[in-house]
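Morning, everyone. Here is the model on screen.

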Amino acid sequence: MSKSEEQQTIVEEIIVNYPPKVGRERKQHMVVIDHDSEDQHIQADVNTIPGIMTSRGCSYAGAKGVVFGPIKDILHITHGPIGCAYYTWNTRRNLAQPEDGTDYFLKTCLSTDMQEKDVVFGGEKKLYNAVKEAYEIFKPKVIGIYATCPVGLIGDDIKAVAKRAAEELGVKIITVSCEGYKGVSQSAGHHLASNALIMDIVGTEDLPDPTPYDINIFGEYNIGGDVWLVKPLLERIGYRVVSVFTGDSKYGDLAKAHKAKLSILMCHRSINYTNRMMEEKFGVPWLKVNYIGIEATIRSLREMATFFDDPMIYENTEKVISEELAKIQSQLDYYRSRLKGKKAVVYAGGSRAHHYQDLLDDLGIETIMAGYQFAHRDDYEGRKILPEIKEAPHHKVLDNYHFERAAEPAYDQSRIEELKQKMPDHLMNYEGMMTDMQDGALVVDDLNHYETEVLIESLKPDLFLSGIKDRYATQKMGVASRQIHSYDYSGPYSCFEGAINFARDVDMAINNPIWKAVAPPWKASEKGDEQS
């Protein structure tokens, strides 16, 4: 039996234990990679089946927790029950460095703490008083208000409250109506946050002393300090980073982002909306990059050099690559010798399930299964299938803004088309995760707990990369697990140095002798049968 046939058998074993209707639905979310097949499609961005234990988050988590939360000088106020605010308070490890003369509110958690009486009688007065009190205490330059489920259900007008408070207090207030029930996952919150970024922040300030090498870093939230490796690397080559969306970022940097010459996009799903709107409105092109993994980082740096087509950038790029490889080569060889031939399952949000396959490949680890929590079909199959995607009912509550060009672009269209020919998969494009996966690998969208148990027992991976919701259950099944949402208080994992940090942590996880003392349920039952 071929590897693909074995994987397909596992899929059938999963489906047969569902009720027929549920089985038919879930089967559409599972694909065994076969590159000889011209049309391999996967279902994504639809409602999780009620009763199934999913790892997804909500729209509020995507807007406040992922996109706006890392902005360190916006005073964030959650309008809703206290549990919502607490859920997004310092849980993602989006690190930020305080700066002299700049507000720093990253560790501050503010909420209106809605109670039953507020749901019955309305919470607008409570929100206004909360904004006023917060301003009197902290004196912020910018305040963000984020609505959770009860706010939308009772109809509180947070925009009207914000407008009144802004006029009376003389402070800028941004609102995001990101009630958790909007959309089927946190992806809807990313969309809503992107709309707010474009409508209320980007383009509101000018960039002094522009240079030919000004860039934005998109889809980077400084988990474990990732951007603190990425940014110096780019600056050594000669780029100037105007803004980071949104790890360790400031309001003023984001406001100037429209003046950059290029945006490089890391996490496609979380913020590609902003890239698309910035290209429409300001003519800023974007390049899909990946600096999780050594070879992926090298490719991304060289494609950036190709875009700028400058002798100095070319020379510095190769110099930095050589210097960084020389630093890590001996450690890389060591960890490869200990990890080569291991098998991994990757289940993450955003684009990380794709990105980390490059890093695993650098270490000789085979990815046998991967999936996303909140991806759309284009994250799996590439942007080429966008015209085929039918608008789902939940998309109708999410505004899709389109703009006429508001500024002269840095490059004429003929130059962009020429560059697209050189980098067809990455300039203003994303080829999707499935394109890069090996034949026989399994792809599962919106993986649930039951499927996780079956797949671990069947595939017997050495490593499970996911989030906190899966970690401990996986380890009880005798499989090493590492978080790639918050790095288990380790990291950073980006670029060259980060790859070695990751290799060290994975080596300690997989080759830990503790696994000899752990008996997963199926092994324990086998042992019991032998004794009987």
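Start with P492. This proline is found in the loop between strand 14 (480-483) and helix 20 (495-510). On terms: helices (H or I, at least four residues) and strands (E, at least two) are DSSP runs, numbered from the N terminus. The model is predicted, so to say: local features need pLDDT of at least 70, side-chain atom pairs count only at pLDDT 80 or more, and totals for chains, interfaces and linings use all residues. Residues are numbered from 1 along each chain as its sequence is written, and side-chain values use heavy atoms, with hydrogens and water left out.

Back to P492. A cis peptide bond joins G491 to P492, with omega about -5°. There is another cis bond to show. It joins F245 and T246, and omega is about 5°. T246 sits in strand 7, residues 240-246. For background, most peptide bonds are trans, and most residues other than glycine have a negative phi.

D488 is in the loop between strand 14 and helix 20. Its phi is near 50°, a positive value in a residue other than glycine. Is D488 buried or exposed? D488 counts as buried, at 12% relative accessibility. Buried means under 20% relative accessible area, exposed means over 50%, and partly exposed is in between (1.4 Å probe, protein chains only).

Now D309. Not a glycine either, and phi is positive at about 50°. D309 lies in the loop between helix 13 (294-308) and helix 14 (311-339). Here the relative accessible area is 40%, and D309 is partly exposed.

Next, strand 2, residues 74-79. How many of its residues are buried? The count is 6 of 6. In a regular strand the side chains alternate between the two faces of the sheet. In strand 2, both faces are covered. One side has I74, H76 and T78; the other has L75, I77 and H79.

What does strand 2 pair with? Pairing needs at least two bridges found by DSSP between two strands. I74 has V142 in strand 4 as its bridge partner. Strand 3, residues 110-111, is also parallel to strand 2, with 2 bridges. There, I77 stands opposite L110.

Last point. Strand 2, helix 4 (residues 82-87) and strand 3 make a right-handed β-α-β unit. Right-handed means that, with the strands pointing away from the viewer, the path from the first strand over the helix to the second runs clockwise.
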